[in-house]
Amino acid sequence: VLGKPEEAVQPLEQAVHLNPTFAANYFALGLVYSKSDRLDAAIKEFDEAIRLAPHNAFAYLYLGEALGKSRRYQEEIAAEQQANRLNPKSAEAYYLMGTAYGASNRLSEAASAYAKATELKPDYFDAYAGLASADVQLQRWQDSRKALQASEHLNGSTNFAAYSNLAISYQRFGLWQRAVASAAEAVKLKPDCSDCYWLLGYGYQNLGRDDEARKAYEQALVVRPSYAAALVGLSQLAETSGDLEAAQKYLNGASHSLGNFTTNGQLQIQMEGEIFTGRGDIERDLGNYAEAFGLYMKGIENYRSIAD
């Protein structure tokens, strides 16, 4: 049914109409709507399933997932906590809780939730990927390496977020080939993920494969116009090639659209630092050394705030 959700909608809607007090029908319809990214409709059906069967842990689990897709992270956390109360051995609920904490920049709580998911399900590839990403952003380098090593011995996933998390972690360790491979897998699984294209472009850029980096950044802009991260990447490539006018143009665009980057607070600060650094490089190349120095200092302050 979930393989072709559009074919299941009508018979399930009819089943709900014929038997409006049967919670399982609402739950199944919610799953189909969620699979089709009809998230408001999915949330409504899961809520009704819970009203009729308030002890159904799976209804809370998938309600939380739909809330997370809608970026309603605090509500997602509450739903997954209830799923855990009803089923304390649900690794999936802890994993989804971890993604919600991570998206809310509550990294310590995200790491704890991912770690609990791996305890309950030792072969949980997605949870190890999330744990590696949370730990690396918390600068828990050894813990992050352990999670990465664990993931490398497991079967892969059909979840693009697992591979984007791995790409972030590999980037922080300077493992660019692996970062590119993970980002490429994320793009394959979710071709409309602008962050995944940025991760791919950033990896290529650090491997010196500028043409491939440029294509990835440009594709990120197709998916999300005025995407600050991709504009910064294109600015850096233009500055490297000596096209200072284009570099400045891209940076100006990035400055105006910086909020259109990511839900990850540390990566947001990093991007602000790279904008200041990029502007400093341009002023340096133009011979404006005092202006370049001031911009570099602003960039350093951003990087220091990440370390803190």
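1. A disulfide is a pair of cysteine sulfur atoms within 2.5 Å. The structure holds one such link. The pair consists of cysteine 193 and cysteine 196, with sulfur atoms 2.4 Å apart. The link is right-handed, with 75° about the S-S bond.

2. The model under review is predicted: local features need pLDDT of at least 70, side-chain atom pairs count only at pLDDT 80 or more, and totals for chains, interfaces and linings use all residues. Residues are numbered from 1 along each chain as its sequence is written, and side-chain values use heavy atoms, with hydrogens and water left out.

3. Burial follows from relative accessible area: buried means under 20%, exposed over 50%, and partly exposed in between (1.4 Å probe, protein chains only). Cysteine 193 is buried because its relative accessible area is 9%. Cysteine 196 is likewise counted as buried, at 0%.

4. Helix H6 covers residues 91–103. Helices (H or I, at least four residues) and strands (E, at least two) are DSSP runs, numbered from the N terminus. The expected span of a helix is 1.5 Å times one less than its number of residues.

5. H6 is largely enclosed by the rest of the structure, because 10 of its 13 residues are buried. Among them are Tyr94, Tyr95, Leu96, Met97 and Tyr101. The cover over the buried residues includes helices H4 (57–69), H5 (73–86), H7 (107–120), H8 (125–137) and H10 (160–172).

6. After H6 comes asparagine 105, with a positive phi near 65°.

Definitions and conventions
Contact means heavy atoms within 4.5 Å.
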